[in-house]
Amino acid sequence: MSIPDGMPGISYARAGRIAIIVGAILTMLYAANALVPFGGAGTDDFFKQGVYNVVLCLASAVIVGRGAALRQERWAWILLRIRR
């Protein structure tokens, strides 16, 4: 699915890919901070509260978006989201 001509924005597929890439990068940073703490107590709070929640929200958005985009797989993705 893509945005109709004349409307600004990016396609749903591209937005999903961007969300997955950003989520993967944030997950790697989160893991690196957990293994080798860097930046002090302030960054620990940032990673434990901010980055962690952003990764969860991105994952949820990708699951819901995938369910909305693919009709034949819609119920599987919706049930996956509900189960989470």
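Apart from its neighbours within four places in sequence, N33 contacts F38, T43, D44 and F47, where contact means heavy atoms within 4.5 Å. N33 is situated in helix α1, and its relative accessibility of 6% makes it count as buried; buried denotes a relative accessible area under 20%, exposed over 50%, and partly exposed the range in between, with a 1.4 Å probe and protein chains only. The model is predicted: local features need pLDDT of at least 70 and side-chain atom pairs count only at pLDDT 80 or more, whereas totals for chains, interfaces and linings use all residues. Residues are numbered from 1 along each chain as its sequence is written, and side-chain values use heavy atoms, with hydrogens and water left out.

The chain as a whole provides the setting. Its secondary structure consists of 3 helices and 0 strands, taken as DSSP runs numbered from the N terminus (H or I for helices, at least four residues; E for strands, at least two). Along the sequence the pattern is α-α-α. Of the 84 residues in the protein chain, 10% count as buried. Among contacts in the chain with a separation of 6 or more, 35% are between residues 24 or more positions apart.

The packing of α1 and α2 can now be considered. Two packed helices are described by the angle between their axes and the distance between the axes. Helix α1 spans residues 12-35 and helix α2 residues 41-69; their axes come within 9 Å and cross at roughly 150 degrees. These axes are lines fitted to C-alpha atoms, for helices over the stretch in contact, and the angles run from 0 to 180 degrees between N-to-C directions. The two helices are therefore roughly antiparallel to each other, a description applied to angles over 145 degrees, with under 35 roughly parallel, 65 to 115 roughly perpendicular and the rest oblique. The crossing of α1 and α2 is left-handed, that is, the near helix is turned anticlockwise from the far one by less than a right angle; clockwise would be right-handed.

On the α1 side, the residues that meet α2 are G16, A19, I20, V22, G23, L26, T27, L29, Y30 and N33, and their counterparts in α2 are T43, D44, F47, K48, V51, Y52, V54, V55, L58 and V62. By class, this contact has 13 nonpolar, 5 polar and 2 charged residues (Ala, Val, Leu, Ile, Met, Phe, Trp, Tyr, Cys and Pro count as nonpolar, Asp, Glu, Lys and Arg as charged, and the others, Gly among them, as polar).

Aromatic rings form a further theme, with 3 aromatic pairs in the structure. Rings of Phe, Tyr and Trp (its six-membered ring) pair if their centres lie within 6.5 Å, and planes under 30 degrees apart count as stacked, over 60 as edge-to-face and the rest as tilted. Y30 and Y52 form a tilted pair, 5.9 Å centre to centre with 40 degrees between the planes. This pair links distant parts of the chain, Y30 in α1 and Y52 in α2, 22 residues apart. Y30 is partly exposed at 30% relative accessibility, and Y52 is partly exposed at 40%. The ring centres of F38 and F47 are 5.8 Å apart and their planes lie at 80 degrees, so this pair is edge-to-face. F38 is partly exposed at 37%, whereas F47 is buried at 7%. F38, F46 and F47 form one aromatic cluster.
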